[in-house]
Amino acid sequence: MELNTLTAISPVDGRYSNKVEGLGKYFSEFALIKYRLFTEIEYFIALCEIPLPQLADIHTDKLKKLRELHENFSLEDAQRIKDIESVTNHDVKAVEYFIKDEFDKLELGKYKEFIHFALTSQDANNTAIPKSIQDALEEEYYPLLQELIEKLLMMASEWKDIPMLAKTHGQPASPTKVGKEIKVFLERIMVQLVQLKSIAIDAKFGGATGNFNAHLVAYPDINWEEFANKFLKDKLGLNRSQFTTQISHYDNHSAIFDGLKRINNIILDLDRDIWTYISMNYFKQKIKKGEVGSSTMPHKVNPIDFENSEGNIGIANAGFEQLSQKLPVSRLQRDLTDSTVTRFIGVPFGHTLIAIKSTLKGLNKLLINKEAIEKDLENNWAVVAEAIQTILRREFFPNPYEALKDLTRKNEVINKEAIHNFVDSLAVSDAVKEELKAITPQNYTGIF
């Protein structure tokens, strides 16, 4: 069966492919091959820049042509490498052989044994994969998350003066403001984003078991540790782990996945709160002509975007959890379990992007229903009891909490009249009574 969006097994490659197609540049098989090629070619050029004596006579024009191999890398080139791999049964060796063929075309054949010089396959993989994560974060994830932040900033500003009944344990509580409740999520996301961006993206680059054995035996006078640190920092923008086995220890990879998971959980919390506010009629949703909310109930406009986001976050976080738990664990100097797992990284990234886009879509549909919010406040005058008892404490009134408890914990409607009658019954000055009567559910909203 020919693969297309209708025959794909994964919804990331099928139903939702148009939402995540940009991730193909970082997490597809094509992308992994390209990143390996990038590492191998830039490493060879760095050897020329030392310069190794045997490579000192290579003209810079040739090096420019070499760079074009990864800069202009095509699907046809990737297929050639896959064809080579079908013979070698080794994916990194296939990249090496591809480059060697290109060296012959560029009349660099005599230098081709310096391709992949003194490296192991994980020196290519454990630079290619973190580089792809870095690029995906910078070019796909952070810009999209910034869109969400800017949307929340706009909502917080637009609704900053709208009082709203708060609900703790699902019950009426001290009033708040709509804008302030949006700021809660803004702060949470931005704090976690700063933490996420502070995590160094580590790479492994040190030969077969991380000790530069082959490098040192061939060129004992070169400071290979300094070379590798500089190469990763300057050419790839990565932080080199100093002491490794054959593979990366992946600890910072795990921290990144856990950071993404925490941000996802905040968005999930936002999704559920907005969903609940919609069910309370605090928000209505813009109606799009032609859309259907229910196959049988024509009146319905369902909060499907927030539900879609919630579902995708669940899948994304399960994936990130597996990655963060599994990748740091490897037997002795290495086993191969990381190889298949790292190929999965793009999947939770994909579901994360789908989730954020769905949340954004839902937020852009919201219409605030001030009438419903105001009605809920007016129906819950009991929430000013906290304010009244606090002022009474200030005035040394005896047992104010208990007095308000007796008033409000009844199966009766507590309205403005009931509150004011209670105030009138208090043995306090007229000035204090006026102060208490000035408090309403609409103005008892605190600093924010």
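Start by selecting Phe231: with a relative accessibility of 3%, this residue counts as buried (under 20% relative accessible area is buried, over 50% exposed, and in between partly exposed, using a 1.4 Å probe and protein chains only). Before you go on, know that this is a predicted model, where local features need pLDDT of at least 70, side-chain atom pairs count only at pLDDT 80 or more, and totals for chains, interfaces and linings use all residues. Residues are numbered from 1 along each chain as its sequence is written, and side-chain values use heavy atoms, with hydrogens and water left out.

**Stop 1: aromatic rings**

A search of the whole structure turns up 20 aromatic pairs. Rings of Phe, Tyr and Trp (its six-membered ring) pair if their centres lie within 6.5 Å; planes under 30 degrees apart are stacked, over 60 edge-to-face, and the rest tilted.

Go to Phe27 and Phe349, a tilted pair with 4.9 Å centre to centre and 35 degrees between the planes. This pair links distant parts of the chain, 322 residues apart: Phe27 sits in helix 2 (residues 24-27) and Phe349 in helix 14 (residues 346-364). Helices here are DSSP runs of H or I with at least four residues, strands are E runs of at least two, and both are numbered from the N terminus. Phe27 is buried at 17% relative accessibility, and Phe349 is buried at 1%.

Phe205 is in the loop between strand 3 (202-203) and helix 9 (213-218), while Phe231 is in helix 10 (residues 224-236), 26 residues apart. Phe205 is buried as well, at 1% relative accessibility.

Which residues do ring pairs link into a cluster? Select Tyr43, Phe114, Phe117, Phe205, Tyr219, Trp224, Phe227 and Phe231 to see them.

**Stop 2: two helices side by side**

Colour helix 8 (residues 178-198) and helix 11 (residues 251-279): their axes come within 9 Å and cross at roughly 170 degrees. The axes are lines fitted to C-alpha atoms, for helices over the stretch in contact, and angles run from 0 to 180 degrees between N-to-C directions. That makes helix 8 roughly antiparallel to helix 11 (under 35 degrees is roughly parallel, over 145 roughly antiparallel, 65 to 115 roughly perpendicular, and the rest oblique). Show side chains for the contact, meaning heavy atoms within 4.5 Å: Phe185 and Leu193 are among those from helix 8, and Ile263 and Tyr277 among those from helix 11.

**Stop 3**

Most residues other than glycine have a negative phi, and most peptide bonds are trans. Now for some exceptions.

- Ile50 and Pro51 are joined by a cis peptide bond, with omega about -10 degrees. Pro51 lies in the loop between helix 3 (29-49) and helix 4 (60-71).
- Asn89 is not a glycine, yet has a positive phi of about 55 degrees. Look for Asn89 in the loop between helix 5 (75-88) and helix 6 (91-105).
- Tyr250 is not a glycine either, and its phi is positive at about 65 degrees. Tyr250 lies in the loop between strand 4 (239-240) and helix 11.

Are Asn89 and Tyr250 buried or exposed? Asn89 is exposed, with a relative accessible area of 69%, whereas Tyr250 is buried at 1%.

**Last stop: Glu139**

Select Glu139 in helix 7 (residues 121-158); at 46% relative accessibility, Glu139 is partly exposed. Leaving aside neighbours within four places in sequence, Glu139 contacts Lys25 and Tyr26.
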